[in-house]
Every structure is written in C-alpha cells, then in structure tokens.
Amino acid sequence: MPEAEAGQVDRARVLWQCRRGMLELDLLLLPFVEQHYDQLSDREKTSLLTLLAYPDQQLLAFLMGHGVPHDKDVAHVAEQIRTSAGT
C-alpha cells in the first residue's frame, strides 16, 4: 500500500475513533483531527491514539482541563486539542 494511501487509512481510522457518541467530545475531537492530524508527528499521532483509549468521562475531563494525563506526550496532545478548540 502506498504511503499516502496508508496515511489516509490511518486518518480515517482515527476519525472513526473520535466519534464517541458524546456531543462534547465529538465537537472537540473531530475538528482537531480534520484540521491538524496530517501535521502531527508520528509521536503525536501515537499519543493521540493513547488519549483516545481513555474512557469518555476521563477523556472529557482531560480536554476540559479538569485533569492532566500522566504521560507528558499525551498531555501535550490534550493541550493541543484544548488550544485548537479555544477551551
């Protein structure tokens, strides 16, 4: 599979993982991935996937600034999402 095509598959998979069924998360995550995913480093993409593995309530708390992930790389991505959303 060509690299560009593989990147599109990864992006589509991440977008799918951002659809959480909680409006607040959808409004924070989907625009961030749509606008910034392609500019993220591989390390940031991996951290985003780690962030997305958190349960919805914990993820919302991180994205609303009511907690910080222990992993500094994951915390950095959460901060990027908050900044992008203006929260």
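R20 is buried, at 18% relative accessibility. Here buried means under 20% relative accessible area, exposed means over 50%, and partly exposed lies in between (1.4 Å probe, protein chains only). This is a predicted model: local features need pLDDT of at least 70, side-chain atom pairs count only at pLDDT 80 or more, and totals for chains, interfaces and linings use all residues. Residues are numbered from 1 along each chain as its sequence is written, and side-chain values use heavy atoms, with hydrogens and water left out.

**Salt bridges**

R20 forms a salt bridge with D56, the closest N and O atoms being 2.8 Å apart. The term covers a side-chain nitrogen of Lys or Arg within 4 Å of a carboxyl oxygen of Asp or Glu. This pair links distant parts of the chain. R20 lies in the loop between α1 and α2, and D56 in helix α4 (residues 56-63), 36 residues apart. Helices are DSSP runs (H or I, at least four residues), numbered from the N terminus. D56 is partly exposed, with a relative accessible area of 24%.

The whole structure holds five salt bridges. Among them is the pair R11 and D38, at 3.6 Å from N to O. It too links distant parts of the chain: R11 sits in helix α1 (residues 3-18), D38 in the loop between α2 (23-36) and α3, and 27 residues separate them. R11 counts as buried at 15% relative accessibility. D38 is partly exposed, at 46%.

R82 and E79 form another salt bridge, with the closest N and O atoms 2.4 Å apart. Both belong to helix α5 (residues 72-85); they are three residues apart and so separated by about one helical turn. R82 is buried at 13% relative accessibility, while E79 is partly exposed at 37%.

| Salt bridge | N to O distance |
|---|---|
| R20 and D56 | 2.8 Å |
| R11 and D38 | 3.6 Å |
| R82 and E79 | 2.4 Å |

**A buried lysine**

K45 is found in helix α3 (residues 42-52). K45 is buried but has no salt bridge. Its nearest side chain of opposite charge is D42, 4.5 Å away. For charge, Lys and Arg count as positive and Asp and Glu as negative; His and the chain ends are not counted. What does K45 touch, not counting residues up to four places away in sequence? Y37 and L40. Contact means heavy atoms within 4.5 Å. The charged end of K45 also sits over the ring of Y37, 4.8 Å from its centre. That label requires NZ of Lys or CZ of Arg within 6 Å of the ring centre and within 35 degrees of the ring normal.

**Aromatic pair**

The search of the whole structure finds one aromatic pair. The rings of Y54 and F62 have centres 5.0 Å apart and planes at 90 degrees, so the pair is edge-to-face. Rings of Phe, Tyr and Trp (its six-membered ring) pair if their centres lie within 6.5 Å; planes under 30 degrees apart count as stacked, over 60 as edge-to-face and the rest as tilted. Y54 is partly exposed at 24%. F62 is buried at 5%.

**Nonpolar core**

The largest nonpolar core has 23 residues. Such a core is a set of buried Ala, Val, Leu, Ile, Met, Phe, Trp, Tyr and Cys residues joined through side-chain atoms within 4.5 Å. L29, V33, L48, L51, L63 and I81 touch the most other members. The elements giving two or more residues are α1, α2, α3, α4 and α5. Helix α2 supplies the largest share, six residues.
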